[in-house]
Amino acid sequence: MPQVSTNGIRLSYQRSGQGEPVLFIMGSGAAGRVWTMHQTPAVVQAGYQAVVFDNRGIGGSDAPEGKYSLADMVADTKGLIEALDLGPCRIVGYSMGAMIAQELAIEAPHLVRSAVLMATRARSDAMRRAMLESDRLMRESPVRLPPKYEAVRTVLEMLSPASLNDETAVRSWLDIFELTGSGSNTADGQAWATQTGDRRKALRAITVPCRAISFADDLICPPHLVSEVADAIPGCDLVSIPDAGHLGHLERPEAVNGAITEFLGKY
């Protein structure tokens with residue numbers, strides 16, 4: 001994959017298709033190539049150029065030591081857009097990637113044409129704060145849990161009951177997570193790249209068209225927190241995908257792709 005230098009690091013990226021660019025921003029712990037399983041083929045088929053990249057700390061991009069801030073990731077992405085001359089571009093962000101997209105729309109609206117904000121939030125409630133704190137404690141601990149245990153925990157946290165109760169599907173997911181080893185393919189620094197405080201007031205300043213997508217069974221960014229984002233951003237609409245957990249873009253790709261391409265066609 002080619003690379004660009006931005007914000008003092010190198011980011012690996014990949015383009016596919018022709019037409020106006022759509023930049024995909026992945027969440028924490030996953031490389032940009034995850035988008036190519038389902039989302040980028042749908043966007044390319046719809047007539048766009050898809051651009052994916054690896055955030056700092058994963059894949060072919062640099063993984064500097066230390067704890068990353070959301071501001072680091074926003075600056076990285078801003079530099080990528082400028083280096084590739086993509087702006088103003090359509091953006092699709094997922095989880096941490098959606099939070100990056102939100103901040104870009106606030107800080108650099110001239111670079112953002114429109115944004116799809118998938119599994120996002122503007123703040124952390126009590127349960128999400130507890131989940132984040134426990135994850136960080138484990139990362140800083142010398143204890144390493146067996147991959148099989150980690151796979152079960154990750155599946156329970158990331159998938160919907162519809163997938164958990166599908167014996168064929170859940171076996172495949174358990175195998176995937178056990179083989180990849182949760183957390184083994186990403187710099188621990190990404191675990192600190194999250195919002196500070198409540199960003200709902202700041203989101204009211206966004207002027208570009210936005211769509212928020214929630215997953216009905218998401219434990220990481222539950223629907224009520226995604227709804228807060230949609231309520232805060234002027235004119236933002238909200239689409240809910242049923243039978244989907246935090247990995248809804250992989251569990252229910254057809255529904256997700258339809259929501260993405262329908263919105264991109266409007267803006």
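Contact here means heavy atoms within 4.5 Å of each other. On that basis methionine 138 touches Val143, Arg144 and Leu145, not counting residues up to four places away in sequence. The model is predicted.

**Aromatic rings**

- A pair of aromatic rings is described by the distance of the centres and the angle of the planes.
- Rings count as a pair if their centres lie within 6.5 Å, and by this rule the count comes to four aromatic pairs.
- Phenylalanine 24 and tryptophan 35 have ring centres 5.0 Å apart and planes at 50°, so this pair is tilted.
- Phenylalanine 24 belongs to strand β3 (residues 21-25) and tryptophan 35 to the loop between β3 and α1 (39-45); the pair links distant parts of the chain, 11 residues apart.
- Phenylalanine 24 and tryptophan 35 are both buried.
- Tryptophan 35 also forms an edge-to-face pair with tyrosine 94, at 6.5 Å centre to centre and 85° between the planes.
- Tyrosine 94 is in strand β5 (residues 89-94) and tryptophan 35 in the loop between β3 and α1, so their pair ties together parts that are 59 residues apart in sequence.
- Tyrosine 94 is buried, as is tryptophan 35.
- Through these ring pairs Phe24, Trp35 and Tyr94 are linked into a cluster.
- At another ring, that of tyrosine 68, the charged end of arginine 56 sits over the ring, 5.3 Å from its centre.

**The second largest pocket**

- The second largest pocket holds about 160 Å³ of space.
- Its lining consists of Ser69, Leu70, Ala71, Val74, Glu103, Glu107, Trp192, Thr194, Gln195, Thr196 and Arg199.
- Helices α2 (70-83) and α3 (96-107) are the elements that give two or more residues to this lining.
- The largest share of the lining, three residues, comes from α2.
- By residue class, the lining of the second largest pocket divides into four nonpolar, four polar and three charged residues.

- Glutamine 190 is placed in the loop between α7 (167-180) and α8 (200-203).
- Buried means under 20% relative accessible area; glutamine 190 has 3% and is therefore buried.
- Leaving aside neighbours within four places in sequence, glutamine 190 is in contact with Gly27, Ser28, Gly29, Asn55, Arg56, Gly57, Ile58, Tyr68, Met73 and Met96.
- Methionine 138 lies in helix α4 (residues 126-140).
- With a relative accessible area of 35%, methionine 138 is partly exposed.

**Backbone geometry**

- The peptide bond from glycine 87 to proline 88 is cis, with omega near -10°.
- Proline 88 is located in the loop between α2 and β5.
- Asparagine 7 is not a glycine, yet has a positive phi of about 55°.
- Asparagine 7 is in the loop between β1 (3-6) and β2 (9-16), and at 41% relative accessibility it counts as partly exposed.
- Alanine 119 is not a glycine either, and has a positive phi of about 50°.
- Alanine 119 is in the loop between β6 (112-118) and α4, and it is buried, with a relative accessible area of 0%.

- Valine 116 lies in strand β6 and is buried, with a relative accessible area of 0%.
- Valine 116 and arginine 211 are 95 residues apart in sequence, but 4.8 Å apart in space, C-alpha to C-alpha.
- Not counting residues up to four places away in sequence, valine 116 touches Ile91, Val92, Gly93, Arg211, Ile213, Ile260, Phe263 and Leu264.
- In helix α9 (residues 223-232) the buried residues are Leu225, Val226, Glu228, Val229, Ala230 and Ala232.
- These buried residues of α9 pack against α3, β6, α4, α8, β7 (210-215) and β8 (237-241).

Note on methods
Residues are numbered from 1 along each chain as its sequence is written. This is a predicted model: local features need pLDDT of at least 70, side-chain atom pairs count only at pLDDT 80 or more; totals for chains, interfaces and linings use all residues. Side-chain values use heavy atoms; hydrogens and water are left out. Rings of Phe, Tyr and Trp (its six-membered ring) pair if their centres lie within 6.5 Å; planes under 30 degrees apart count as stacked, over 60 as edge-to-face and the rest as tilted. Helices (H or I, at least four residues) and strands (E, at least two) are DSSP runs, numbered from the N terminus. Buried means under 20% relative accessible area, exposed over 50%, partly exposed in between (1.4 Å probe, protein chains only). A charge sits over a ring if NZ of Lys or CZ of Arg is within 6 Å of the ring centre and within 35 degrees of the ring normal. On a 1 Å grid over the protein atoms alone, a cavity is a set of points where a 1.4 Å probe fits but cannot get out, and a pocket is an open set with protein on both sides within 12 Å along at least five of seven lines; lining residues have an atom within 4 Å of a point. Grid points are joined across faces, edges and corners, and a volume is the space filled by probe spheres set on the points. Ala, Val, Leu, Ile, Met, Phe, Trp, Tyr, Cys and Pro count as nonpolar, Asp, Glu, Lys and Arg as charged, and the others, Gly among them, as polar.
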